[in-house]
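Please open the structure in your viewer and keep the selection tool at hand.

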Amino acid sequence: MVFVGIWQAYVSLFDVSPLLVASPLDVGDSFIAGWTSGELASATLLTLKILGMGMAFGMTAAAVFTTVATWTRIGEDVLVLLTSMLNPLPSIAILPLAILWFGLSSTALVVVIANAVTWPIAINLSMGFRTVPSTLLMVGRNLGLRGARMVKDVLMPAALPHIISGVKTGWAFGWRTIIAAELVFGVAGGGGGLGFFINESRYFLRVPDVFAGLVTIALIGIALETLFNLIEKKTVIKWGMKGEAETDTTPARSQ
Amino acid sequence: MSERLPKTNQATSSREPLLAVDHVQIGYNVDKKLNIAVRDASFEIFAGEKMMLLGPSGSGKSTILKAVAGFLKPVGGRIVIAGRESLEPEPDRAVVFQEFDQLFPWRTVEDNVAYSLRVTGRDKREAAATAKRYIEMMGLSLAADRYPHQLSGGMKQRVAIARALALDPLMLLMDEPFGSLDAQTRSRLQREVHEISERTHVTILFVTHSIQEALFLGDRVVVLADAPSHVQEIVDVSGADDPDSEEFITLRRHLRQLLAEDEQDVHHAVFE
């Protein structure tokens with residue numbers, strides 16, 4: 001609130017060029033207009049749709065990789081090799097390759113997002129599986145649990161703290177990547193998501209729209225962060241599997 | 001399901017053992033080399049009996065229990081339970097571990113017990129009712145809705161015992177269940193388990209390194225020796241429940257001697 005006040009005062013008092021910084025009031029107008037006209041809403045939806053598809057593919061791939069890696073020796077080696085190679089690679093870096101292979105389509109974006117989220121989730125999931133207390137596994141076997149039932153009833157819930165933090169990191173990576181990819185796409189002339197919206201607004205000097213797009217990105221980020229925290233509070237924190245004060249130790253990665 | 005022996009019938013002489021451990025040898029493969037953990041163990045347990053496995057660390061007592069539970073396969077000899085050769089872990093041999101993390105942290109006390117019953121084939125209502133009964137029996141009614149992380153170590157072990165008993169197993173396998181508890185909680189739980197076993201005549205195989213615990217809880221004690229592990233002697237201690245009785249003191253001396261002889265061989269074992 002204080003920040004918004006200073007921002008408005010700065011724009012009103014110092015006569016800043018509206019082509020550089022839009023005032024909060026203008027941004028608010030653009031934000032509301034964008035959402036009511038559906039322009040911003042459809043851009044956001046498109047972005048979220050592609051992100052969702054990429055996340056779905058990435059999570060499935062991570063689950064498959066990790067399960068294979070947990071059960072076979074060679075799978076573990078392959079997973080370690082792939083994650084150590086692909087995880088440090090800024091996922092936006094493979095966009096040119098994806099465009100080359102899949103054209104300027106949403107498929108290329110989905111592939112890039114899937115790649116961005118697979119590895120952090122796979123790392124966390126395999127860590128989660130490996131750190132399930134051996135006593136708990138023996139209790140499961142003692143109850144006659146085998147195979148899929150064991151995975152569903154013991155391994156998954158026991159690995160839940162790691163699963164959640166993997167999805168959290170995966171989503172953050174995916175979110176950064178898709179916005180960046182759309183900006184590139186915007187330049188290249190395709191797309192239509194949030195990043196594209198921002199880029200296009202810049203092109204037509206609709207500065208308040210640029211800010212409205214940024215605000216939307218920030219709000220979605222905050223909303224999802226809140227959602228994840230809520231999920232953690234209702235599950236792993238309530239069950240004492242993750243301390244309340246414990247912070248996310250996943251190293252940040254620049255895009 | 002094999003037929004169960006009536007639990008009250010424990011005084012007849014011509015009965016089959018519930019569990020027969022017959023010249024069992026157990027080893028681990030380490031770098032393709034077989035490390036023998038138990039060289040030769042033989043003993044029998046009859047229905048309703050409380051058999052203690054006593055020995056220093058490294059004597060393979062937990063290893064034997066894990067083999068009976070089905071977690072490890074013997075490399076030699078046979079383990080026969082109620083006429084079947086035991087191969088896989090099944091809830092008919094319910095295990096209580098030493099570790100506190102044996103409870104499912106995402107389930108409440110009541111659900112830890114009820115889930116185990118549901119997953120072994122009881123219907124939902126029956127599972128809930130049975131769980132309630134055993135939770136009450138272990139004095140946990142007030143904590144029924146709590147999660148494991150909200151419980152003390154002693155309470156966690158009570159839940160694990162309630163969960164195992166509720167399964168109505170052929171036998172209870174207890175792997176130093178009180179080993180991580182403070183002395184006071186430990187002796188309280190010993191008394192409770194003693195009472196429950198007197199009342200229900202549940203068959204127990206109990207691993208311990210405490211002579212006092214073995215004497216107080218056991219009917220017979222398998223004394224294991226170290227390096228390499230083998231059965232030293234099987235001692236009848238059924239009369240020695242009262243720590244002040246002469247029999248208890250005599251037997252305690254005897255067990256101490258057995259373990260001390262072994263200790264001289266290996267120099268590192270620790271007993272109370």
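The stops below go from a whole chain to single residues.

**Before starting**

This is a predicted model, in which local features need pLDDT of at least 70 and side-chain atom pairs count only at pLDDT 80 or more, while totals for chains, interfaces and linings use all residues. Residues are numbered from 1 along each chain as its sequence is written, and chains are lettered from A and ligands numbered from 1 in the order in which they are written.

**Stop 1: chain A**

The C-alpha trace of chain A spans about 75 × 45 × 30 Å along its principal axes. Of the 255 residues in chain A, 40% are buried. A residue is buried if 20 or more other C-beta atoms lie within 10 Å of its own, exposed if 12 or fewer, and partly exposed in between, with C-beta atoms placed from the backbone.

**Stop 2: where chain A touches chain B**

Now show both chains. The contact takes 15 residues from chain A and 18 residues from chain B; two residues are in contact if their C-beta atoms, placed from the backbone, lie within 7 Å. Which helix of chain A gives the largest share of the side that touches chain B? Select residues 134-142 of chain A: this is helix α7, which supplies 6 residues, the largest share. The side of chain A that touches chain B has 9 nonpolar, 4 polar and 2 charged residues. Here Ala, Val, Leu, Ile, Met, Phe, Trp, Tyr, Cys and Pro count as nonpolar, Asp, Glu, Lys and Arg as charged, and the others, Gly among them, as polar.

**Stop 3: the domains of chain B**

Colour chain B by domain: domain 1 covers 19-92 + 171-266, and domain 2 covers 106-168. These bounds come from an automatic or database domain assignment. The C-alpha centres of the two domains of chain B lie 26 Å apart. Their contact takes 10 residues from domain 1 of chain B and 8 residues from domain 2 of chain B. On the domain 1 side, helix α5 (residues 183-200) of chain B gives the most, with 3 residues. That side of domain 1 of chain B divides into 8 nonpolar, 2 polar and no charged residues.

**Stop 4: a pair of helices in chain B**

Select residues 109-119 and 124-137 of chain B, which are helices α2 and α3. They pack at an angle of about 130°, with their axes 8 Å apart. The two helices, α2(B) and α3(B), are therefore oblique to each other; angles under 35 degrees count as roughly parallel, over 145 as roughly antiparallel, 65 to 115 as roughly perpendicular and the rest as oblique. Residues in this contact include Val113(B) and Leu117(B) of α2(B), and Ala131(B) and Ile135(B) of α3(B). By class, the contact of α2(B) with α3(B) has 9 nonpolar, 1 polar and 4 charged residues.

**Stop 5: two single residues**

Select Glu85(B), which lies in strand β5 (residues 84-85) of chain B. Is Glu85(B) buried or exposed? Glu85(B) is exposed, because 9 other C-beta atoms lie within 10 Å. Leaving aside neighbours within four places in sequence, Glu85(B) is in contact with Arg78(B), Ile79(B) and Val80(B).

Finally, select His209(B), in the loop between β8 (203-208) and α6 (211-217) of chain B. His209(B) is buried, with 22 other C-beta atoms within 10 Å.

How values were computed
Helices (H or I, at least four residues) and strands (E, at least two) are DSSP runs, numbered from the N terminus. Axes are lines fitted to C-alpha atoms, for helices over the stretch in contact, and angles run from 0 to 180 degrees between N-to-C directions.
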